[in-house]
There are 2 protein chains.
Amino acid sequence: MEVPMPNIQPHADNAIVWHDEHLYLLDQRILPLQTEFIRLNTGDEVANAIRDMVVRGAPAIGITAAFGVVIAARSVWEKEGAGWKEAMAADLTTLAASRPTAVNLFWALERMQKVIAGLGAENPTPRLLAEAQAIHREDIAANRRLGDLGADLIAGPTSVITHCNAGALATGGYGTALGVIRSAFAAGKIKQVYADETRPWLQGSRLTAWELNQDEIPVTLLIDGAAASLMARGGIGWIIVGSDRIAANGDVANKIGTYGLAVAAKYHGVKVMVAAPTSTVDMSVATGADIPIEERAAAEVLGCGGKQLGTPGVDAWNPVFDVTPASMVDAIVTERGVVHRPNAEKMANLMTG
Amino acid sequence: MEVPMPNIQPHADNAIVWHDEHLYLLDQRILPLQTEFIRLNTGDEVANAIRDMVVRGAPAIGITAAFGVVIAARSVWEKEGAGWKEAMAADLTTLAASRPTAVNLFWALERMQKVIAGLGAENPTPRLLAEAQAIHREDIAANRRLGDLGADLIAGPTSVITHCNAGALATGGYGTALGVIRSAFAAGKIKQVYADETRPWLQGSRLTAWELNQDEIPVTLLIDGAAASLMARGGIGWIIVGSDRIAANGDVANKIGTYGLAVAAKYHGVKVMVAAPTSTVDMSVATGADIPIEERAAAEVLGCGGKQLGTPGVDAWNPVFDVTPASMVDAIVTERGVVHRPNAEKMANLMTG
């Protein structure tokens, strides 16, 4: 029987929705010109949605993968009954292989696997769904908390630059970097947000601008290459970005272009804030050099919005992330607290304290 | 009578063509996926072609404007006869107003006006055409000379980054930054060229990659935001760029993104070379702060390849150029010689020496 698409409000805070036993994702590849939800029916479909960037942003990937485990478990339990655990190993592997850099993916799968380990032959869906929903709920709460902590760091009315999209769309809701910006704007501390368009996927132009517009926070777009010039003009107090993985020493993997922004920020005396929940911190990698950096197809650079524009057949270097050394970061803001001028000791205190 | 389109070879060295009493421009807005020449019949059409970026690049704009004067003078002389000089003041104003930053435009118009001043009531076309062709020919010769001088600065096999397009397409032929790269590659000094795609017009992806491909020089594209990360990986010896205007103190206006590249280059110990003919040097502006920087429509940032992708209605900051201070430039390479670590005194020596 065909399940009709529910009428979900297409809002950034509403991009991952569990509704009537189904997972719905707001398709971020076609935002903002089209607002369409996709229903995902199998673990494979969830893995494909992550790989194809229907959903992106480290915390959002983690939450989506958790719901993917629910869907996969339900399906194998219906087919296999008591033997469901063995039968779903392939789904877990596929989900884990969907993207390599965002550690929240592995963190969420680990949480789900712990629940799986505690289950027997009973229907696993209720417990797994409760865990996925807890991961989702906790992420939103973490964002609200770190949003307020980050806003506290911003002294007075200033303008900020953000890169890519670390908003509600990239998380369970509210956002990390945009969570800080939302909280700071509400407190009267932000005059203007400048959003890097963020090639090649234009998350800044398509997603961040859309979110800030929904919130009526003033936003001006610029090409990624213009950010250093903007800083040279003065008036920019902070660079505020999210992260896909933070190493044990405080090195930060984030969308390609973040490192160049940080280099320019240091040159111009602009402060750098990284806003991320502790689920983004990976104490198992010592430094940023150990973080696997996804490289995607040259076609993404040669084209734009799915249309080929560049010289056919030319090679392109297309790393999705870069690493900003801890020494360039003024503050890592998490729901557990702020780490100023991060290093290995301070990060360890944050994570174990 | 309809003049048939001539069969001109669409090559980067062949982008501004005077053929059978007509001016033809290879339409750079649609390269490389389409190679079409446009015939220009009036001064206004030439001004529009410059404004609309059918032709771009400071030296190419200057040469095109010079041919625009020829076309305009021929037309007014046919209509007005002896009164042609007064009648063409409007054409000169329109051509001068076509774009504000490239000083080669004003330099070329000044050269043409000097010729006009020396003419009487006779048909001005032969003398003006000879001057425009001289400007064109001299630009190519200057490029070849500065290409060799720039190549001499490159010590050994290394990789380089270039930004935007400062190739044959941006000049009368051969190119400035790409002229250096061509000469250096021929001398075995360049292993790999990395070309910034150069948003919003993608001159790197569309034009630079196309030119280097035609020359069989290995080129890899990257998004503008990835250049700093590329430098951090090592192996980049030089940033080599062109310029749209160089101030009397050696400050360099060039395509937006150049300044950020230079900041990153200084941080990573990469050298910065600016390759430009002396027609790009404007001794009448003391510093880069006095160079007018064109700002274009927000729609260029919100879209890509003519297609809207970003959030409708969002504002964008779209400066076309930025200014790199002389202190960040290791060498300005001109056809008259190389200025190492430029300053006002050295620039004055170059221009008067």
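Author: Arg199(B) counts as buried, at 1% relative accessibility. Here buried means under 20% relative accessible area, exposed means over 50%, and partly exposed lies in between, with a 1.4 Å probe and protein chains only. This is a predicted model, in which local features need pLDDT of at least 70 and side-chain atom pairs count only at pLDDT 80 or more, while totals for chains, interfaces and linings use all residues. Residues are numbered from 1 along each chain as its sequence is written, chains are lettered from A and ligands numbered from 1 in the order in which they are written, and side-chain values use heavy atoms, with hydrogens and water left out.

The side chain of Arg199(B) meets that of Glu197(A) in a salt bridge, at 2.6 Å from N to O. A salt bridge is a side-chain nitrogen of Lys or Arg within 4 Å of a carboxyl oxygen of Asp or Glu. Glu197(A) also counts as buried, at 0% relative accessibility. Across the interface of chain A and chain B, two salt bridges are found by this rule. The residue pairs in polar contact between chain A and chain B number 18, both residues being at pLDDT 80 or more. A polar contact is a pair of N or O atoms within 3.5 Å; within protein, one must be able to donate a hydrogen and the other to accept it, and residues adjacent in sequence count only if both atoms are side-chain atoms.

Several elements of chain A give two or more residues to the side that touches chain B, among them helix H8 (203–214), strand S6 (219–222) and helix H10 (258–268). Helices (H or I, at least four residues) and strands (E, at least two) are DSSP runs, numbered from the N terminus. H10(A) supplies the largest share of that side, six residues. By type, the residues of chain A that touch chain B divide into 28 nonpolar, 12 polar and nine charged. Ala, Val, Leu, Ile, Met, Phe, Trp, Tyr, Cys and Pro count as nonpolar, Asp, Glu, Lys and Arg as charged, and the others, Gly among them, as polar.

The contact as a whole takes 49 residues from chain A and 49 residues from chain B, where contact means heavy atoms within 4.5 Å. The area buried between the two chains is about 4100 Å², and carbon and sulfur atoms give 67% of this.

S14(A) and strand S6 (residues 219–222) of chain B pair in the parallel sense over two bridges, and two strands are said to pair if DSSP finds at least two bridges between them. Asp315(A) has Thr220(B) in S6(B) as its bridge partner. Strands of a sheet pair through backbone hydrogen bonds, either parallel or antiparallel.

Back at Arg199(B), the peptide bond to Pro200(B) is cis, with omega near 0°. Pro200(B) sits in the loop between strand S5 (190–196) and helix H8 (203–214) of chain B. In chain A, a cis peptide bond joins Arg199(A) and Pro200(A), with omega about 0°. Pro200(A) lies in the loop between strand S5 (190–196) and H8 of chain A.

For a setting inside one chain, take Asp13(A) and Arg182(A), which form a salt bridge with closest N and O atoms 2.9 Å apart. Asp13(A) lies in the segment before strand S1 (16–19) of chain A and Arg182(A) in helix H7 (residues 177–186) of chain A, so the pair ties together parts 169 residues apart in sequence. Asp13(A) is partly exposed, at 31% relative accessible area, whereas Arg182(A) counts as buried, at 11%. Over all chains, a search of the whole structure finds 23 salt bridges.

Notes: Buried area is the accessible area (1.4 Å probe) that two parts lose on being put together, summed over both.
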